[in-house]
Each structure stands twice: as C-alpha cells, then as structure tokens.
Amino acid sequence: MKRRLVALAVLATTSLSSGCGLLESASAGAAPATEATAKAHPAASAPAPDKSEDTGATRTSVKDEGDIPDPCTLLSEAEVTGLTGRIVSQIDEDGVESGESARFCQWQQEGGQLAVFLSRTTPADFQVTVADAQWVDGVGEDAYAHSGHLFVLHGTVQVDVYSRGASDEQNLADAKQVAKLLISRI
C-alpha cells in the first residue's frame, strides 16, 4: 500500500509539473512509449567520492545497493536556497519508511520550486527516453534533460531534479549543481 502511495505521489508531482508520459521505465513493467527511443550516450564523468560535505566522514554509498535515502535529509534548507537563489517556504516530504525503492522531496520556494526524486534503475532502462530529450554532459555517469527535469544516472540510482523559477537555462544549471551535490551524498 505504501509503495502505491509513493508511486502515486511521484506520478502526480511529475505529471503536475511537467506533463504525463515523459518516461516509460521497463523496470516498472511498462513498454516504452511509441515516441521513445533507446539511445546510447557515453559516460560524462566519473562519480564523486563518497564524502559527507558537512562532516568529512565517509558514508556508505547506495550507488549500487542499499536503501535509497530520503532526499529531504540530503540537502539543508540553506543549501537549497543557496543553490537556487530562492527562499524555501515549505518542504514536502514523501513520508515513506526506509527501504522504499523510490523517494522524493520537494522544496516549495518563493517564485519557484525544487523537487528531487531518487529511484533504482539500470543503465539499460536509463537509456529509454523520449525522442527529444537533450543529453547533458558534466554530471553523473549519464544525464539528459526533458520538460524541465534533469535525469542523472549514478550507478543504479536515477536522480531526477526539477528546478523551476528562473529561465530554462538557469533552471538546468541549478539542477546540475543540485545533482552533483546529491551524487556526492548518495
């Protein structure tokens, strides 16, 4: 039941913020959309080290296995404000227990929002995307942008960052900075 609620919340948030049908995941048992194509894209960069920015202590990485962390615990309110230039007015947590395969956090902001979705995937499933996605270099092992979302592959974790409140170019730049910081913490 909780997994259904999480999946419904993620779907509703994604649908409201960017439209339906953006990504069909084979891991979810769905066939790719008719517009979808499989694209191969070389790895953009090596993953960041597993160091906590706050304490310098080594964390156990969930890059390839382990529980997906709560994204709300990975970024402080001050960091979100600093990364986006917008003050946080509300934080919406997913409310699920540890062990779920998908997690999200959304920071409502004055004049915008930042949403982060973390889920398990495979490199092959990550390559299934909508035909007009824009491949993005310089973050994660692979990354593309579509409909305001930045999707980043980090091992078996898909990081989906949605930043809204500035120009499309600035939103993408903000999303890349957020993704880089998240990768260093997961």
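1. Leaving aside neighbours within four places in sequence, Ser 163 is in contact with Thr 84, Arg 86, Gln 113, Leu 114, Gly 148, Asn 171, Asp 174 and Ala 175, where contact means heavy atoms within 4.5 Å. Ser 163 lies in strand β9, residues 157-164. The side chain of Ser 163 also makes a polar contact with the side chain of Arg 86, at 3.2 Å. A polar contact is a pair of N or O atoms within 3.5 Å; within protein, one must be able to donate a hydrogen and the other to accept it, and residues adjacent in sequence count only if both atoms are side-chain atoms. Ser 163 counts as buried because its relative accessibility is 3%; buried means under 20% relative accessible area, exposed over 50%, and partly exposed in between (1.4 Å probe, protein chains only).

2. A word on the basis of these values is needed here. The model is predicted, local features need pLDDT of at least 70, side-chain atom pairs count only at pLDDT 80 or more, and totals for chains, interfaces and linings use all residues. Residues are numbered from 1 along each chain as its sequence is written, and side-chain values use heavy atoms, with hydrogens and water left out.

3. The protein has four helices and nine strands. Helices (H or I, at least four residues) and strands (E, at least two) are DSSP runs, numbered from the N terminus. From the N terminus on, the order of elements is α-β-α-β-β-β-α-β-β-β-β-β-α. Of the 186 residues in the protein, 44% are buried. Among contacts with a separation of 6 or more, 61% come from residues 24 or more positions apart.

4. Strand β9 belongs to an open sheet of seven strands, in the order β2-β3-β4-β9-β8-β7-β6, with antiparallel pairing. The edge strands are β2 (88-93) and β6 (134-135), each of which pairs on one side only. Two strands pair if DSSP finds at least two bridges between them. Strands of a sheet pair through backbone hydrogen bonds, either parallel or antiparallel.

5. The pairings can be followed from β2 onward. Five bridges join β2 to the antiparallel strand β3, residues 102-109; in this pair, Val 88 has Gln 109 of β3 as its bridge partner, and Ile 91 stands opposite Trp 107. Strand β3 is largely enclosed by the rest of the structure, because six of its eight residues are buried. Eight bridges link β3 and β4 in the antiparallel sense, with Gln 106 opposite Ala 115 in β4. The hairpin of β3 and β4 has two residues between the strands, and Gly 111 there takes a positive phi near 80°.

6. Strand β9 has β4 and β8 as neighbours in the sheet order. Eight bridges join β4 to β9 in an antiparallel arrangement, and Val 116 stands opposite Val 161 in β9. Six bridges join β8 to β9, also antiparallel, and the bridge partner of Phe 151 in β9 is Asp 160. The hairpin of β8 and β9 has two residues between the strands, and Gly 155 takes a positive phi near 65°. Seven of the eight residues of β9 are buried, so that strand is mostly covered.

7. Which residues line the second largest pocket closest to its centre? That pocket has a volume of about 260 Å³. Of its 15 lining residues, the closest to the centre are Ser 147, Gly 148, His 149, Asp 168 and Leu 172. At least two lining residues come from each of β7, β8, β9 and α4, and the largest share, five residues, comes from α4. On a 1 Å grid over the protein atoms alone, a pocket is an open set of points where a 1.4 Å probe fits, with protein on both sides within 12 Å along at least five of seven lines, and lining residues have an atom within 4 Å of a point. Grid points are joined across faces, edges and corners, and a volume is the space filled by probe spheres set on the points.

8. Ser 147 deserves a separate remark. Ser 147 is found in the loop between β7 and β8 and has a positive phi of about 55° although it is not a glycine. Most residues other than glycine have a negative phi. Ser 147 counts as partly exposed because its relative accessibility is 35%.
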